[in-house]
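Open the model in your viewer and keep the selection tool at hand. The stops below say what to select next and what is there.

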Amino acid sequence: MADDQPSLPSPYSTGLAGRCPRCGEGKLFEGFLKVRPRCAACGLDYGFADSADGPAVFIMLIAGFAVLGAALYVEIAYEPPIWLHLVIWLPLAVIVCLALLRPMKGLAVSLQYVHKAQEGRLEK
């Protein structure tokens with residue numbers, strides 16, 4: 001049985017790379033986190049894209065677990081002064097969060113497109 005629709009690129013590769021979820025060519029973002037109005041390559045309207053706070057919450061949980069775990073290990077093993085903890089772990093937490101935020105938002109938008117996620121509506 002022939003399928004009329006072309007196959008979509010992987011939502012994981014396009015989302016993590018910040019590319020259009022339909023064609024995989026156009027850029028998804030203008031700036032750091034602002035989603036473009038539409039794809040420059042295929043014209044897909046990104047009006048459906050509303051990742052809200054989902055990516056930020058997941059990143060805070062992941063980064064918090066990793067950075068806090070490392071900080072606790074260093075505290076127990078070496079007992080450094082508090083100022084050294086602040087110098088090491090605060091910048092590391094910020095860097096990890098910022099490094100993961102854009103790919104995770106792109107992934108959320110891409111998965112919304114693939115799964116046709118929409119805002120909840122009440123049927124009459």
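**Stop 1: a pocket**

Select Gly 47, Phe 48, Asp 50, Gln 112, Ala 117, Gln 118, Glu 119 and Arg 121, which line the second largest pocket. This is a predicted model, in which local features need pLDDT of at least 70 and side-chain atom pairs count only at pLDDT 80 or more, while totals for chains, interfaces and linings use all residues. Residues are numbered from 1 along each chain as its sequence is written, and side-chain values use heavy atoms, with hydrogens and water left out.

A pocket is found on a 1 Å grid over the protein atoms alone, as an open set of points with protein on both sides within 12 Å along at least five of seven lines; lining residues have an atom within 4 Å of a point. The volume of this second largest pocket is about 180 Å³. Its lining has 2 nonpolar, 3 polar and 3 charged residues. Here Ala, Val, Leu, Ile, Met, Phe, Trp, Tyr, Cys and Pro count as nonpolar, Asp, Glu, Lys and Arg as charged, and the others, Gly among them, as polar.

Now select Phe 48 on its own, in the loop between helix H1 (11–17) and H2. Helices are DSSP runs (H or I, at least four residues), numbered from the N terminus. Phe 48 counts as partly exposed because its relative accessible area is 25%; buried means under 20%, exposed over 50%, and partly exposed in between (1.4 Å probe, protein chains only).

**Stop 2**

Is Cys 39 buried or exposed? Its relative accessible area is 3%, so Cys 39 is buried.

**Stop 3: a salt bridge**

Select Glu 30 and Lys 34, whose side chains meet in a salt bridge (3.3 Å, N to O). The term means a side-chain nitrogen of Lys or Arg within 4 Å of a carboxyl oxygen of Asp or Glu. A search of the whole structure finds 1 salt bridge. Glu 30 is partly exposed because its relative accessibility is 29%, whereas Lys 34, at 54%, is exposed.

Notes
1 Å grid on protein atoms, 1.4 Å probe; cavity = no way out; pocket = protein on both sides within 12 Å on 5 of 7 lines; lining within 4 Å. Points joined across faces, edges and corners; volume = space filled by probe spheres on them. Helix = DSSP H or I, 4+ residues; strand = E, 2+ residues; numbered from the N terminus.
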